[in-house]
Amino acid sequence: MSRSLTSVWMLLVSITLGSRPAIVAAAPVCGNGQARCRVLSLADLFDRVIQHSARMHGISNDLHSEFEQYFPPSRNHVGRTSRNCHTSDLLTPNGKENAQRIAREELTEVILKLLKAWRDPLWHFHQITAHQHDLANFSSDKALEMSDMVHELRKGVEKVAEKMQTLGMISNSVGTLADFLPSESGGWRLMKGHELLYCFRRDSDKIKNYLKILKCRIVPEHGC
């Protein structure tokens with residue numbers, strides 16, 4: 001493979017965010033002299049977003065645990081956090097069986113809404129932790145990393161939705177969903193740090209599980 005072709009290939013399939021590989025590339029896998037190219041399958045795209053969501057949820061667990069080591073929640077807030085989440089007004093299916101019942105388009109929309117609702121809060125949290133001296137030992141870079149991961153995952157899910165549309169598996173109503181999602185609630189600005197991280201840990205787990213359920217409904221022959 002020539003140097004120029006290698007450079008183009010690397011740009012398409014290995015766009016990086018920091019040290020992490022991008023998850024949204026669906027570029028043709030082409031070799032020198034090949035007349036036909038293999039485009040990533042829908043199952044491959046699902047695997048990428050599911051793996052990315054699992055990494056994101058793992059970091060959210062680490063960040064939540066680390067934060068509570070430095071700033072344990074007061075007794076008055078233990079067990080009450082779930083009612084304070086700024087995403088609580090979003091209608092999300094409760095449990096695997098309910099998620100399996102709703103339409104594919106609706107489940108895809110739920111995932112995208114949750115992702116849209118989290119990028120700004122995580123970025124804001126990073127800004128706060130990065131400029132406070134009493135948080136010097138706290139890894140605020142993880143909050144920035146999660147904010148970036150949310151953005152990358154949303155692009156990946158949009159790519160999956162486009163692929164499902166192309167294959168006629170869902171309607172076109174999801175195609176431009178990102179442009180019409182309602183603005184996120186500003187309620188997260190009133191949340192304490194441990195509340196925000198608890199809620200993101202909860203929602204990132206939902207996103208991961210919804211993606212797995214959606215994959216098994218769309219391509220059940222691939223690892224389900």
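Tutor: Start with a definition: a crossing is left-handed if the near helix is turned anticlockwise from the far one by less than a right angle, and right-handed if clockwise. Helices (H or I, at least four residues) and strands (E, at least two) are DSSP runs, numbered from the N terminus. By that rule, α5 passes α8 in a left-handed crossing. This is a predicted model: local features need pLDDT of at least 70, side-chain atom pairs count only at pLDDT 80 or more, and totals for chains, interfaces and linings use all residues. Residues are numbered from 1 along each chain as its sequence is written, and side-chain values use heavy atoms, with hydrogens and water left out.

Student: How many helices and strands are there in the chain?

Tutor: Eight helices and two strands. Along the sequence they follow α-β-β-α-α-α-α-α-α-α.

Student: At what angle do the axes of α5 and α8 cross?

Tutor: At roughly 145°, with the axes of α5 (residues 119–130) and α8 (residues 193–218) coming within 11 Å. Axes are lines fitted to C-alpha atoms, for helices over the stretch in contact, and angles run from 0 to 180 degrees between N-to-C directions.

Student: Which residues meet there?

Tutor: Contact means heavy atoms within 4.5 Å. Pro121, Leu122 and Phe125 in α5 meet Gly193, Leu196, Leu197 and Phe200 in α8. Six of these residues are nonpolar, one is polar and none is charged. Ala, Val, Leu, Ile, Met, Phe, Trp, Tyr, Cys and Pro count as nonpolar, Asp, Glu, Lys and Arg as charged, and the others, Gly among them, as polar.

Student: Why is the pair of Trp118 and Phe200 called edge-to-face?

Tutor: Rings of Phe, Tyr and Trp (its six-membered ring) pair if their centres lie within 6.5 Å; planes under 30 degrees apart count as stacked, over 60 as edge-to-face and the rest as tilted. The centres of Trp118 and Phe200 are 5.1 Å apart, and the planes are at 65°, so the pair is edge-to-face.

Student: What does the pair tie together?

Tutor: Trp118 lies in the loop between α4 (104–116) and α5, and Phe200 in helix α8, so the pair ties together parts 82 residues apart in sequence. Both Trp118 and Phe200 are buried.

Student: What makes Glu106 partly exposed?

Tutor: Buried means under 20% relative accessible area, exposed over 50%, partly exposed in between (1.4 Å probe, protein chains only). Glu106 has 41% relative accessibility, so Glu106 counts as partly exposed. Glu106 lies in helix α4.
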